[in-house]
Amino acid sequence: MSEPRSAPVTVPAVRTAKVRDGHAPLVMVTAYDAPGARIADAAGVDILLVGDSVANVVLGYEDTLQVTVDDMAHHVAAVARARPGALIVGDLPWMSYHVDTADTVRNAARLIRAGAQCVKLEGGAVRAPMVEAITDAEIPVMGHIGLTPQSVLAFGGFKVQARDDGAARMLVEGARALVDAGAFAVVVEGVPEKVGAAVTDALDVPTIGIGAGPHCDGQVLVLHDLLGISGRTPKFVRRYAELADQATAAVAAFAADVRSGAFPADAEVYH
Ligand code: KIV
């Protein structure tokens, strides 16, 4: 999936994209609006994740617990309006898949009707019944295990997970349970490199890592982190640009031009 795309990316294409079977690593980035989706899609990424990280990255919250299905549907729809060829994943927010299966399926369907082609949810074996119910409704599901941000209160902070052998074994078992329930790919976040490798070896569907080392079947980063807009650089982030600095310089130049009378110039005026 590394060549320029000739057709939109589909769930079946992602499901089979294991590096050990000769596939190129999957590339996923977050997108929360139409311009972000256009930029990432033009760069040829495989998957756009409309992540609940919109809460802290864009909406100014401290964590992801504050966003609702309404919020997520709003951002999914904005991304879908860009008509990307990349696969659109809608992130199910906290409490949208924790009550019962009927509620879960209805919430997943809302993100699909907003324009997502599949949904993602956090958690291991405990979420398997929800994954099964959503896939039974013909909605593809991506799992998400490890340092799951919606568990921030239960974890007591954003801490690397599965550091000991027992926890690593449970993580692998949880990943297997998600796939047995129908998950077509699994995000692995914030675990030691060897745990990322163990989950990847254990699954016949691709793993997509974030802070999970180089042995996953793909990597995901938050768009604003890699562009240098978010103002945060966790250990697992590489910044490929410093757009916040460039944006501040651009706005400062505009302000200076307004104040000096250099803007607008004759060419920028209707006569
Ligand atoms: O919401 C998000 O951005 C995510 C990624 C960190 C995987 O879930």
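What percentage of the 271 residues of the chain count as buried? The notes below start there and then move to the overall fold and two individual residues.

1. **Burial and surface.** Of the 271 residues, 48% count as buried, where buried means under 20% relative accessible area, exposed over 50%, and partly exposed in between (1.4 Å probe, protein chains only). The accessible surface of the chain comes to about 13,200 Å², and carbon and sulfur atoms hold 55% of that surface. These areas come from the Shrake-Rupley method with a 1.4 Å probe, and for residues only the protein chains shown count as cover.

2. **What you are looking at.** Please keep in mind that this is a predicted model, in which local features need pLDDT of at least 70 and side-chain atom pairs count only at pLDDT 80 or more, while totals for chains, interfaces and linings use all residues. Residues are numbered from 1 along each chain as its sequence is written, and side-chain values use heavy atoms, with hydrogens and water left out.

3. **Secondary structure and dimensions.** The chain has 11 helices and eight strands; these are DSSP runs numbered from the N terminus (helices H or I, at least four residues; strands E, at least two). The C-alpha trace spans about 70 × 40 × 35 Å along its principal axes.

4. **Domains.** The assignment gives domain 1 (11-240) and domain 2 (243-271), with bounds that come from an automatic or database domain assignment. The C-alpha centres of domain 1 and domain 2 lie 39 Å apart.

5. **Contacts along the chain.** Among contacts with a separation of 6 or more, 59% join residues 24 or more positions apart; contact means heavy atoms within 4.5 Å.

6. **K18, a lysine to look at.** K18 is found in the loop between α1 (11-15) and β1 (26-30). Is K18 buried or exposed? K18 is buried, because its relative accessible area is 1%. Leaving aside residues up to four places away in sequence, K18 touches H23, T200, L203, D204, V205, P206 and D217.

7. **V195 in its helix.** V195 sits in helix α9 (residues 193-202) and is buried, with a relative accessible area of 3%. Not counting residues up to four places away in sequence, V195 touches A162, A168 and L171.
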